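Here is a short briefing to read alongside your structure. Take a look at the model first, then work through the points below.

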Amino acid sequence: MSKLLEVKDLSVSFNTYNGEVQAVRGVSFDLNEGETLAIVGESGSGKSVTSSTLMGLLPKPAGIIKSGQILFQGEDLVKKSEKEMQKIRGKEISMVFQDPLSSLNPTMKIGNQIIEGLIKHQGMNRAEAKKKAIELLDQVGIPHPEIRVNQYPHQFSGGMRQRVVIAIALACNPKILIADEPTTALDVTIQAQILELMKEIQRNTKTSIIFITHDLGVVANVADRVAVMYAGKIVEIGTVDDVFYNPKHPYTWGLLGSMPTLDADDEELYTIPGTPPDMLNPPKGDAFAPRNEFALEIDAVMEPPMFKVSDTHYAATWLLHKNAPKIEMPESVRRRIEGFAKTGKKGGE
Amino acid sequence: MIVNKTEKILEVKHLKKYFPAGRKKIIKAVDDVSFDIYKGETFGLVGESGSGKSTTGQTIIRLYDATDGEVLFHGENVHAKKSRVEKLKFNRKMQMIFQDPSSSLNPRMTVLDIIAEGLDVHHLAKNEKERKERVEQLLEAVGLNKEHATRFPHEFSGGQRQRIGIARALAVEPELIICDEPISALDVSIQAQVVNLLKKLQKEHGLTYLFIAHDLSMVKYISDRIGVMHLGHMVELADSDELYKNPVHPYTKSLLSAIPLPDPEYERSRKRITYDPSIHDTSEEPKFREIRPHHWVRCTSKEFEQYKKELGE
């Protein structure tokens, strides 16, 4: 697999009245062709800021890229001007947002909103573009596309609106689709439909997807690889199987342990104590240390580097250092993961 | 918690709540819903948006007046005409926790005044000192510090605000708390903290919960019994284990098959069931029938026989 996108040591800050908020602090990852990379984390972990930086959509002048490179097909997107970015945005990299209602223009017919990009990026005329728009609506599973194309967003349900947004994003056959919590505002049954649609589209078009979410269930469903973010950093990255069945970072343990299984009994849920740090003054050393029951002395002094677990699996915790005491994941989390594996076998029923 | 299945704390009988939608149209948000809640249990109410689960909760506590039907709390009709004194007495027994912890707390009041409001209304504190002590006690019970009492809601994170909402509900020592999506606005790691807190408080105070949510795995975890709502109707009601192991109604099956689990292996092999309302038998009006002891399904008599066969009974 070849690398489509390389993010190297990206740091993004926001200037506010209270000072500099360090939203993203040295994030590096690759995106391969045709794969889905999920970025998970809590609110404020920097996952959405990372994605809007990739799209060149940081609010200006408050948001500043402090350092780093975003290499897309060998070109650094950080150095591009707004005009150059406009050629890439929508054509090479496009985005699906969380709320389908606010990402559509309520005063424009659905068809015209899809056509916009086709005319601008692909130089089609209106008639061609309209034909293509109907095709796209059909492709994302909207019934009667020839009628629907002339309707307004308020005539669509939430799930249908998200399908329209996906159709717009796919209009110019982008190489990368960034989906920022695309199913969070939807009901579970609709969510399942949208996830299936995205997977099907990926099979047909080989588009790479960056999927941003806080829902680990959704990650397990769509992702090939997962990056777990905490306090503006990637703390663990690996294939879905690496991260879900063999997690190494205490934060990942906590996330997995705090979700109930369907076989759940009266056992108390494992929780991560405390709250995420204030990114105005990120703590010295490992940002997760104050909430980490396994924190070592060094955590308060020095940030852990990425330790290699396997060729595909990395985690940033001092627990993986060769001199660290041998600490296994908590019993309740281990049981939970085993519980998942059990329901996994029943899944085919 | 041992639930005594004989003492009913709440009986909802044929509850209906219709909203006018202009031009003689009405929306039947809750359409003939009946269920009981036993003392000390957690009753989960699940359904998608628009299923009427929140309206049911709000009608039970009389934030809405019912269009028809009865809500009996300890055998007394909540919706009957009542004097102010009677209403006060009832309000003390039933409290509510809301979804959005930032919009349900008055931004101009200190945490002390927010939590003590119930104490003031019901004259539960004799003097200022007792009032303050009681609030501090409540803050500690929900995992906050007593120093927090003088602060304002904006100084807290989402999870802490939800704890304040819980402390406020607890202040008047209620018997039943209606939790309307209390964790959906919170981060995953904070959700587990709040759920553990709710469970702990239930044990300590012998509380009964009506837990309304759309996150099915969390509802399964916290509830003893679960009712599934769809388009204003209760379509299935059973003990939570029974409901997850032997769902009968096609809608429940589709809802269960759509829950994403944090397990890649399961997700790869998962088969989603889609709900097709046209498969229902329309020869007669469906009724709520007991298919197994304590397991109820909304169906026609023909479907009833068919579901029974599927269950192997």
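Helix H3 (residues 110-122) of chain A packs against helix H4 (residues 126-139) of chain A at an angle of about 120°, and their axes are 9 Å apart. Because of that angle, H3(A) is oblique to H4(A); angles under 35 degrees count as roughly parallel, over 145 as roughly antiparallel, 65 to 115 as roughly perpendicular and the rest as oblique. This is a predicted model, where local features need pLDDT of at least 70, side-chain atom pairs count only at pLDDT 80 or more, and totals for chains, interfaces and linings use all residues. Residues are numbered from 1 along each chain as its sequence is written, while chains are lettered from A and ligands numbered from 1 in the order in which they are written.

**The helix pair in chain A**
- H3(A) and H4(A) cross in a right-handed way.
- H3(A) contributes A:Gly111, A:Ile114, A:Ile115, A:Leu118 and A:Ile119 to the contact, and A:Lys130 and A:Leu136 are among the residues from H4(A) (contact means C-beta atoms, placed from the backbone, within 7 Å).

**Where chain B meets chain A**
- Chain B brings 35 residues to the contact and chain A brings 36 residues.
- On the chain B side, H6(B) gives the most, with seven residues.

**A residue to look up: B:Pro262**
- You will find B:Pro262 in the loop between H9 and H10 of chain B.
- B:Pro262 counts as buried because it has 26 C-beta neighbours inside 10 Å (buried means 20 or more other C-beta atoms within 10 Å, exposed 12 or fewer, and partly exposed in between).
- The C-alpha atoms of B:Pro262 and B:Ala80 are separated by 47 Å, and the two residues are 182 residues apart along the chain.

Terms used
Axes fitted to C-alpha atoms, helices over the stretch in contact; angles between N-to-C directions. Helix = DSSP H or I, 4+ residues; strand = E, 2+ residues; numbered from the N terminus. Left-handed = near helix turned anticlockwise from the far one by under 90°. Contact = placed C-beta atoms within 7 Å.
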